[in-house]
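Q: Please take a close look at one part of this model and describe its surroundings. Give the cut-off for each term as it comes up.

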Amino acid sequence: MDHRTPRTSELLAAVLAAQEGEKVAIGDLVNALRNRAFGILFLIFGIPNCIPMPPGIPVICGIVLGLIGLQMLMGRQELWLPGWISRRTFSRSVLDTIVTRSQPYIQKFERLSRPRLEQFAGPLARRLVGATVVLLGFILLLPIPFLGNLPPGFAVCIFGLGLVERDGGVILAGFFATVIGLLITAAMSWAIWQGAIAIF
């Protein structure tokens, strides 16, 4: 019998296979993942900000990621979401797109990732990740055009991969990606502000 820990790509495939209806409820995803919910949900709600998605999806992603990050910051082991979020649904085709588009990249990442640097994947590090994701979730709510959602979404995805794979090195990379993402977002916001001043 295979007792190894499932890899990220396997968990995503299992999540997709478990959803049989045309609509997917966020609460059903949380219940299916249980204690693995934090890392996988970071991926599920981070990836849509890195690929083309219908309008409004980044806002939903930002709200959900903020709530998940807040509970990590509080040290919760199991995720809870309010009813109005848990009952929120989206098309199964959206989940299929997320999983299908991300699988090749995640599988390449898995060849390099392994459990390491446990001090950066422990309880304190998880709280710091939670606080950072709250900030990234807030940025996703801002109406920044062009590639505004990509930098924070990419950072959230790196955190998700690091948590699922228990790879402290990847989690450290997530903090680095967050700093870079914040700098890019700040630069874009400044450029937009300067453009608005020039117009008016």
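**Helix 4 and its neighbours**

A: Helix 4 gives the most to the lining of the largest cavity, with three residues. Helices are DSSP runs of H or I with at least four residues, strands are E runs of at least two, and both are numbered from the N terminus. The model is predicted, with local features needing pLDDT of at least 70 and side-chain atom pairs pLDDT 80 or more, while totals for chains, interfaces and linings use all residues. Residues are numbered from 1 along each chain as its sequence is written, and side-chain values use heavy atoms, without hydrogens and water.

The whole structure holds one cavity of 30 Å³ or more (on a 1 Å grid over the protein atoms alone, points where a 1.4 Å probe fits but cannot get out; lining residues have an atom within 4 Å of a point). I26, I44, F45, P48, I57, I60, C61, R88, T89, F90, V94 and I98 line the largest cavity. Two or more lining residues come from each of helix 3 (37-46), helix 4, strand 2 (89-91) and helix 6 (92-110). By class, the lining has ten nonpolar residues, one polar and one charged (Ala, Val, Leu, Ile, Met, Phe, Trp, Tyr, Cys and Pro are nonpolar, Asp, Glu, Lys and Arg charged, the others, Gly among them, polar).

Helix 3 also packs against helix 4: their axes come within 10 Å and cross at roughly 160° (lines fitted to C-alpha atoms over the stretch in contact, with angles from 0 to 180 degrees between N-to-C directions). The two helices are therefore roughly antiparallel (over 145 degrees). Helix 3 and helix 4 cross in a left-handed sense (the near helix turned anticlockwise from the far one by less than a right angle). F38, L41, F42, F45 and G46 of helix 3 make the contact with C61, V64, L65, I68, G69, Q71 and M72 of helix 4 (heavy atoms within 4.5 Å). This contact has nine nonpolar, three polar and no charged residues.

Helix 4 (residues 57-73) also meets helix 7 (residues 123-141), where the axes come within 7 Å and cross at roughly 160°. That makes helix 4 roughly antiparallel to helix 7, and the crossing is left-handed. On helix 4 the contact uses P58, V59, G62, I63, L65, G66, G69, L70, M72 and L73; helix 7 supplies R126, R127, V129, G130, A131, V133, V134, G137, L140 and L141. The contact of helix 4 with helix 7 has 13 nonpolar, five polar and two charged residues.

Terms used: Angles under 35 degrees count as roughly parallel, over 145 as roughly antiparallel, 65 to 115 as roughly perpendicular and the rest as oblique. On a 1 Å grid over the protein atoms alone, a cavity is a set of points where a 1.4 Å probe fits but cannot get out, and a pocket is an open set with protein on both sides within 12 Å along at least five of seven lines; lining residues have an atom within 4 Å of a point. Grid points are joined across faces, edges and corners, and a volume is the space filled by probe spheres set on the points.
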